[in-house]
Amino acid sequence: MAEPTNSEIAAALDELGDLHELDGAIVHRIVAYRNAAKAVREAPVSVTGMARQGRATELAGIGATIQEKVLALADEGAIPAAVRLRAKFPAGLLEITRLPGLGPKRARRLYEELSIDSLAALQTAAAAQRIRALKGFGPRAEESLLAAANAAIAARCVAADGQDGRDGGPGRMVLGRALAIGEQLVAALLAHPASERVQLAGSARRMTDSVKDLDVIATAHEPLALARAAAELDLVESAQTPGEAGVRLRTHTGLRVDMRIVAPDQFGNLMQHFTGSKEHNVALREASVRKGLHVSEYGVKDDATGETYRCAREEEVYALLGLDYIEPELRENRGELTAAAAHALPSLVSTSDLRGDLHCHTTTSDGTASIQEMAIAAREAGYEYLAITDHSASFGFGDEVSSDELRAQIDRIHALSGTDAVAGMRLLAGSEVNILPDGSLDYADEILAELDWVVASVHSSFQMPAEAMTARITAAIANPLVDVIGHLSGRKIERRPPYALHFPAIVEAAVAHGTMLEINASPDRRDLNELHARAAAAAGVGIVINCDAHRTGGFEVARYGVATARRAWLGPDAILNTRPWVQLRARRPRHR
DNA sequence: GCCGTTTTCGGCCCGACTGTTTTCAGTCG
């Protein structure tokens, strides 16, 4: 049997947490399993491998007990405790527990007292009004449980039809779309005379891949007037009753917005609280309690003085706790608190550090603009150099570029490079070459050798097993004419999962051959993801951030690639296209 | 079940909301 992957171990630990929750274990034990699952899911190396060396306990949240359970999963195919608990509770019970408003305690009582062990059984019991007779339940609870059960069953039918239920869960919006709405909202509110400060908080501020909703924090000299104005904005579909403390909105795109208005001297506290993440805040508060400080959205209470300190600025919150300011992108409880206490936080890359872009398309393949137009757009976006990397000979969408066409394209690019026609922009003749299923590329080495820049990407046969896909990509990495692998995992956020791949083997090959890995900045991709980018850079792989622009406006997405790099803890040194082209050129694998 | 500037036991974030209850447990973010 193959060794369990990190995501398989994480799923097993999450399940064990769920089962212990049903079994009535104390909440801290359940939280411990959830924390361990997160640690495993985010670990950059094989946790099974670590456990075999007795080193899984080096991961925060994993102790000797869970390490043993990982080994049991690897050696026996199951965790004994999970097998025992699965036999104790019907499978449908977990589904009931996940209904909104119903936790493990009340779900278990429904099971024990009314034998409710499935959504269908819950529907029947609620319809027959048997639930309201239970102590602690009433007609209102019965009503809302019936509605929740109906909704869950309807959602299940929709998912079965393939209309919804994609990975990432229902109702999440890709950050690019959400930020477009959120930034418009913030600008409109800032323009209103009643407002003072207005800022996005929440996961949008942390620049996560996708968001569930938007959090907006404001101060105002007339709070009620601002809340009312928010409810009246064109992009708002419906609003709850505006109040002094804010208003809840729903936009026409279905995105929920929670707008809070706060006193100026608590703006920092509220921003800190609502920026999250939950994991960051929990860890921050636990560490603070040990110093006698209690952090909430209202202030920092000091046990020693009994006083609650309010902070107008977020920086003050962190300073009170003895921490350096932590950039929002780092607030995921991935080591940032320890680093902030030790004054060892990384200095993160920013959009203005990028000097060039190394992946874009023109009308020669599937782009909408000419070489010249793309060059000028890139210059206006602040770049010094741009690689033109149209698709290759077997793209498959009718935009194939034959070897002869590519030669002509190389001449065109070199003729334009550095001229006034492209505002002095340095243009690099490149290609985005397909990695075919057997690992070969769809241009001959002779022509690849003529190119200034070669991106190699997978665009077909996504369903290969992990071993074959890994061999396919490592074969491309081993070709010294390949400079960088484009959008390594092939994922489309909220639409298509990554294909199966052994990431550590990719990193190993990239280190061995000096091949770079791309963070594709398209907000739908952000591929490498932040965890892979962090692990790859730590192993010494050169990272480049590319826009994959298909039109002149396509360079605006650089911020999403930079955000992924920042969430990966990367500074300008780790990102090779922050360097001048002459330095980057010397770093190409063919020069090793 | 994890963990340690209260260190191998005894803790383990904070507050709001809901529905049910006369003071709170459960759930959620």
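Tutor: Start with the count: 15 residues of domain 2 are in contact with 15 residues of domain 3, where contact means heavy atoms within 4.5 Å. This is a predicted model: local features need pLDDT of at least 70, side-chain atom pairs count only at pLDDT 80 or more, and totals for chains, interfaces and linings use all residues. Residues are numbered from 1 along each chain as its sequence is written, chains are lettered from A and ligands numbered from 1 in the order in which they are written, and side-chain values use heavy atoms, with hydrogens and water left out.

Chain A is divided into domain 1 (6–160), domain 2 (173–261), domain 3 (267–341) and domain 4 (351–591). The bounds come from an automatic or database domain assignment. The centres of domain 2 and domain 3, taken over C-alpha atoms, are 24 Å apart.

Now the interface area. Domain 2 and domain 3 bury about 1,200 Å² between them, and 63% of it is on carbon and sulfur atoms. Buried area is the accessible area (1.4 Å probe) that two parts lose on being put together, summed over both. In domain 2, Arg 205, Arg 206 and Ile 217 lose the most area to domain 3; together they make up 54% of what that side buries.

Next, the polar side. Strand E2 (195–201), helix H11 (202–206) and strand E4 (213–220) each give two or more residues to the side of domain 2 that touches domain 3. These are DSSP runs, numbered from the N terminus: helices (H or I) have at least four residues, strands (E) at least two. By class, that side has 5 nonpolar, 5 polar and 5 charged residues. Nonpolar covers Ala, Val, Leu, Ile, Met, Phe, Trp, Tyr, Cys and Pro; charged covers Asp, Glu, Lys and Arg; the others, Gly among them, are polar.

The rule finds 2 salt bridges across this interface. A salt bridge is a side-chain nitrogen of Lys or Arg within 4 Å of a carboxyl oxygen of Asp or Glu. Arg 206 pairs with Glu 332, the closest N and O atoms being 2.8 Å apart. Both belong to a salt-bridge network that also links Lys 38, Glu 42, Arg 334, Glu 530 and Arg 567.

Asp 209 bonds to Arg 491, with the closest N and O atoms 3.1 Å apart. Glu 327 meets Arg 566 at 3.5 Å, N to O. Glu 327 is partly exposed at 30%, whereas Arg 566 is buried at 13%.

A cis peptide bond joins Gly 276 and Ser 277, with omega about 0°. Ser 277 lies in the loop between helix H13 (267–275) and helix H14 (278–289). Asn 333 has a positive phi, near 55°. Asn 333 is in the loop between helix H15 (314–320) and helix H16 (336–341). Most residues other than glycine have a negative phi, and most peptide bonds are trans.

Key. Buried < 20%, exposed > 50% of the residue type's maximum accessible area, 1.4 Å probe, protein only.
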